[in-house]
Amino acid sequence: MKIVLLLGSPNRQGSSRMLAESFRQGAEEAGHTVELIDAAHSNIHPCTRCIRCGYEGPCVQKDQKDDVDAIRAKILGADMMVFVTPLYYYGMSAQLKAMVDRFCAFNASIHSKHMKAALLTTAWNSDDWTFE
């Protein structure tokens with residue numbers, strides 16, 4: 001199975017990254033192919049909700065030269081999508097939410113694939129913990 005991990009943490013070395021790497025290791029040991037996409041540090045313009053894409057068409061931002069087209073191809077080439085995010089105020093990070101909002105332009109393609117999905121969340125920062 002081909003799995004795409006969408007990492008949404010702005011903290012490059014935080015607990016979400018640790019969780020994503022653990023998931024990747026286990027999935028690869030089980031024989032799956034895994035690609036990690038650092039959505040938090042990708043160039044992703046926010047969706048304007050103009051709906052000119054019709055939920056399945058070119059985004060009006062296509063000429064803006066962000067990373068969404070490349071990420072879209074990886075997602076649509078996968079069998080499973082895994083979202084990895086810290087919980088900020090009971091929701092996913094703004095960085096991951098920006099990518100999810102851009103799904104608008106290829107929502108029908110995602111839906112028709114019936115791909116598997118998982119959500120991995122963290123609610124603490126490894127830098128803030130001290131053990132005695």
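Begin by selecting Ser9, which touches Ser16, Asp38, Ala40, His41, Val84, Pro86 and Ser93, leaving aside residues up to four places away in sequence; contact means heavy atoms within 4.5 Å. The model is predicted, so local features need pLDDT of at least 70 and side-chain atom pairs count only at pLDDT 80 or more, while totals for chains, interfaces and linings use all residues. Residues are numbered from 1 along each chain as its sequence is written, and side-chain values use heavy atoms, with hydrogens and water left out.

Ser9 lies in the loop between E1 and helix H1 (15-29). Helices (H or I, at least four residues) and strands (E, at least two) are DSSP runs, numbered from the N terminus. Is Ser9 buried or exposed? Ser9 counts as buried, because its relative accessibility is 5% and buried means under 20% relative accessible area with a 1.4 Å probe, protein chains only. The side chain of Ser9 reaches the backbone nitrogen of Asn11 at 3.1 Å.

Next, select strand E1 (residues 2-7) and strand E3 (residues 80-86), which run parallel and are joined by five bridges; two strands pair if DSSP finds at least two bridges between them. Within this pair, Leu7 stands opposite Val84 in E3.

Now show the four strands, which form an open, parallel sheet in the order E2-E1-E3-E4. Strand E2 (33-38) and strand E4 (116-122) stand at the edges with a single partner strand each, so one side of each has no neighbour in the sheet.

Conventions
Buried means under 20% relative accessible area, exposed over 50%, partly exposed in between (1.4 Å probe, protein chains only). A polar contact is a pair of N or O atoms within 3.5 Å; within protein, one must be able to donate a hydrogen and the other to accept it, and residues adjacent in sequence count only if both atoms are side-chain atoms.
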